[in-house]
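Me: I want a close look at one part of this model, the aromatic cluster. Please set it in its context, and keep it brisk.

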Amino acid sequence: SKLGTILGVSLGGLDMWTNELFGFSVFGTLKHGKSDAKSLKPAAECKPIVYPKPDGKISFDRLSSVFLSNTNHEEDQPIHLKLADPALQKTSELGVYGGPSTRYCPAGVYEWMEKDGEDTFVINAQNCVHCKTCDIKDPNGNITWTTPEGSGGPNYPNM
Ligand code: SF4
C-alpha cells in the first residue's frame, strides 16, 4: 500500500517467490504508513459510489447474511460496543466523514436516523458479528469493541 499498485504488486511477487524458493524475505515485515482510521478521507473529497442492489444470486443484502451467521446476543445484555463521545460522532463521523460506520459494518449495526428533527446515532449491537472493523476504522477511534457477555455472537455450525 505504501508503494502503489504496480510497484507494490511487483515487489510483493518478488518477495513471495524468494520466500517460496529460498526461504527468506527480501523486505522483511513492512509497516503501514498510517492506521486504517487515518486512511479515511473527508466525504467532501470523495465521489459517492452507487452500488447495484443485491440480486439474491451472487450478491445478498446484509441482513440476510447476518441471519446466516446465526448471530445471537441476549436481549438485555450490556452493550458491548462503546461509544466514547456521542457529540464527536455527530460532528465528525457524520458531519465530516459522511457516516462511514453505516457502510463499513458488514452487519448493519450502525445507523444514523432522524429522531425529533435531530440526527441520532443508533447501535444495533445484537446484530454484531464481531469483525472489529469499527474498532480500527472509526475515523476518531471513538468506538471500542469489547467482549460481549455470555459468549454471544455469530455461530457458524459447519466451521
Ligand atoms: S465489530 Fe464488526 S459487525 Fe460488530 S459493530 Fe463493529 S463493524 Fe459491525
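How is the chain divided into domains, and what are their bounds? Start there, then go to the rings.

Reply: The model is predicted: local features need pLDDT of at least 70, side-chain atom pairs count only at pLDDT 80 or more, and totals for chains, interfaces and linings use all residues. Residues are numbered from 1 along each chain as its sequence is written, and side-chain values use heavy atoms, with hydrogens and water left out.

Domain 1 covers 1-33 and domain 2 covers 35-151 (bounds from an automatic or database domain assignment). Their centres, taken over C-alpha atoms, are 33 Å apart.

Now the rings. There are 3 aromatic pairs in the structure (rings of Phe, Tyr and Trp, the last by its six-membered ring, with centres within 6.5 Å; planes under 30 degrees apart are stacked, over 60 edge-to-face, the rest tilted). One of them joins Y110 and F121. This pair is stacked, with 5.4 Å centre to centre and 5° between the planes. Y110 sits in strand β2 (residues 110-115) and F121 in strand β3 (residues 118-123), so the contact ties together parts 11 residues apart in sequence (strands are DSSP runs of E, at least two residues; helices are runs of H or I, at least four; both are numbered from the N terminus).

Y110 is buried, at 3% relative accessibility (buried is under 20% relative accessible area, exposed over 50%, partly exposed in between, with a 1.4 Å probe and protein chains only). F121 is buried too, at 16%.

F121 also pairs with W112. That pair is tilted: the centres lie 4.8 Å apart and the planes make 40°. W112 is buried at 18%. Through these ring pairs, Y110, W112 and F121 form a cluster.

Last, helix α1 (residues 5-22), which contains T18. T18 is buried, at 11% relative accessibility. From T18 to P100, 82 residues apart along the chain, the C-alpha separation is 39 Å.
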